[in-house]
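Subject: Structure handover

Hello,

Here is the structure you are taking over. My notes on what was found in it follow below.

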Amino acid sequence: MSRTVLVARLDNAGDVLLQGPLVRAVAHGADRVVFLAGPAGAAAAELLPGVDDVWTWACPWILGDPPPVDPADLAAFTDRVRSLAPDEAVISTSFHQSPLPLALVLRAAGVPRISAISVDYPGSLLDVRHRVDDDLPEPERALSLARAAGFELPDGDDGRLSVRRPLPPAPHDPGYVVLHPGASVPARAWPAARCAEAVEALADAGYRVLVTGGPGERELTAAVAGSRGVDLGGATSLPEMAALLDGAIAVVVGNTGPAHLAAAVGTPVVSLFSPVVPAARWAPYGVPTVLLGDQSAPCRDTRARECPVPGHPCLTSVTAQDVVAAVEEISTVQQPAVLRPDAARGAATKYQVSA
């Protein structure tokens with residue numbers, strides 16, 4: 001009989017991309033994988049190998065800007081799951097999110113087997129209650145859930161992030177640096193003025209610089225690109241963005257979705273990482289990475305959306321020349337590589353890259 005598994009991850013695009021190894025493990029043991037995503041993550045789910053269908057639902061207990069609870073919407077969603085009749089569900093959440101509200105809805109829709117990571121007592125809502133060290137990198141954390149649910153990666157799968165190929169053709173010849181100045185959370189963004197300085201410094205060092213951003217970031221990307229970068233703000237879909245990152249020698253980006261998209265296409269990352277969340281969990285995974293930013297700043301582990309420290313010192317401590325040096329360092333690294341955090345603290349904490 002055909003076996004359908006519903007995989008749920010209901011937040012942002014970067015979070016969805018980090019589920020890639022989990023999805024491939026589930027797909028190896030299932031006949032059909034339906035991915036349940038939030039509005040911001042659906043396009044990323046479409047890029048994941050192993051996904052057969054993507055459902056989009058605005059979840060009122062996960063989204064940062066949640067819709068009100070609508071009984072009619074909840075009933076319609078429950079009916080849709082009941083019509084799908086999945087054999088089981090795997091609910092992936094961040095460490096600060098609970099899987100139990102969704103587990104309740106899925107149980108009410110008749111899903112017979114549900115697996116999730118849960119700190120809270122689940123009662124009869126979960127068949128597999130997995131518990132895990134919160135300092136694992138997010139892809140490994142998610143993959144451990146898949147394994148607890150009985151799914152393993154196929155032989156030869158290295159567990160890195162990946163995207164469906166072929167990607168759309170890239171309109172620029174390979175060999176450029178991509179600088180992405182925006183971030184979904186303001187506290188994780190390098191100041192625009194510093195980004196503009198980095199474009200100038202990279203151009204002075206002989207690099208072609210493409211500046212990327214979403215449709216709502218055109219003013220930002222134009223200011224950052226100036227006269228020496230190529231402004232691509234609002235000009236790419238997510239698959240086109242993946243193709244663009246695939247042709248880069250390095251991507252300069254904060255802790256936001258394009259960092260994980262760069263990792264998924266195998267491109268090295270200069271990560272301007274604000275420590276409001278731990279780098280051990282959220283740094284770009286499985287690619288050569290240089291981590292810039294004061295990881296011991298007072299905002300550390302606060303999960304703040306707006307910087308709580310005047311002057312945003314964790315990232316303003318990073319200079320344009322730091323970025324140029326990081327690009328030069330990372331562009332010489334031969335892949336594959338494994339990231340291991342060192343014990344250094346300060347304005348330019350690095351992840352050491354080893355074969």
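A word on angles before the notes: those under 35 degrees count as roughly parallel, over 145 as roughly antiparallel, 65 to 115 as roughly perpendicular and the rest as oblique. This is a predicted model, in which local features need pLDDT of at least 70 and side-chain atom pairs count only at pLDDT 80 or more, while totals for chains, interfaces and linings use all residues. Residues are numbered from 1 along each chain as its sequence is written, and side-chain values use heavy atoms, with hydrogens and water left out.

Helices and strands are DSSP runs numbered from the N terminus (helices are H or I with at least four residues, strands are E with at least two). Axes are lines fitted to C-alpha atoms, for helices over the stretch in contact, and angles run from 0 to 180 degrees between N-to-C directions. Contact means heavy atoms within 4.5 Å.

Helices H9 and H10

The axes of H9 and H10 come within 9 Å and cross at roughly 60 degrees. The two helices are therefore oblique to each other. In the contact between them, Leu-238, Met-241, Ala-242 and Leu-245 of H9 meet Pro-258, Leu-261 and Ala-262 of H10.

The sheet

An open sheet is formed by six strands in the order E9-E8-E7-E10-E11-E12, with parallel pairing. Two strands pair if DSSP finds at least two bridges between them. At the edges are strand E9 (230-233) and strand E12 (289-292), each of which pairs on one side only. From one strand to the next, the twist averages 20 degrees. Strand E7 (residues 176-180) and strand E10 (residues 248-254) run parallel and are joined by five bridges. Val-177 has Ala-250 as its bridge partner in E10. Helix H9 (residues 238-246) lies across E7, strand E8 (209-213), E9 and E10, and runs at about 135 degrees to E7.

Buried means under 20% relative accessible area, exposed over 50%, and partly exposed in between (1.4 Å probe, protein chains only). Trp-282 lies in helix H11 (residues 279-282) and counts as buried because its relative accessibility is 9%. His-260 lies in helix H10 (residues 257-264) and is buried too, with a relative accessible area of 3%. Not counting residues up to four places away in sequence, Trp-282 touches residues including Arg-9, Glu-138, His-260 and Phe-273. With neighbours within four places left aside, the contacts of His-260 include Gly-14, Leu-161, Trp-282 and Pro-284.

Helix H6

Eight of the eleven residues of helix H6 (residues 138-148) are buried, among them Glu-138, Arg-141 and Leu-145. The cover over the buried residues of H6 includes strand E1 (4-9), helix H2 (20-29) and H11. Gly-150, which follows H6, has a positive phi near 105 degrees.

Nonpolar cores

A nonpolar core is a set of buried Ala, Val, Leu, Ile, Met, Phe, Trp, Tyr and Cys residues joined through side-chain atoms within 4.5 Å. The largest has 60 residues, of which Leu-22, Val-26 and Phe-35 touch the most other members. Apart from it lies another core of 35 residues, including Trp-190, Tyr-207, Leu-272 and Ile-330.

Regards
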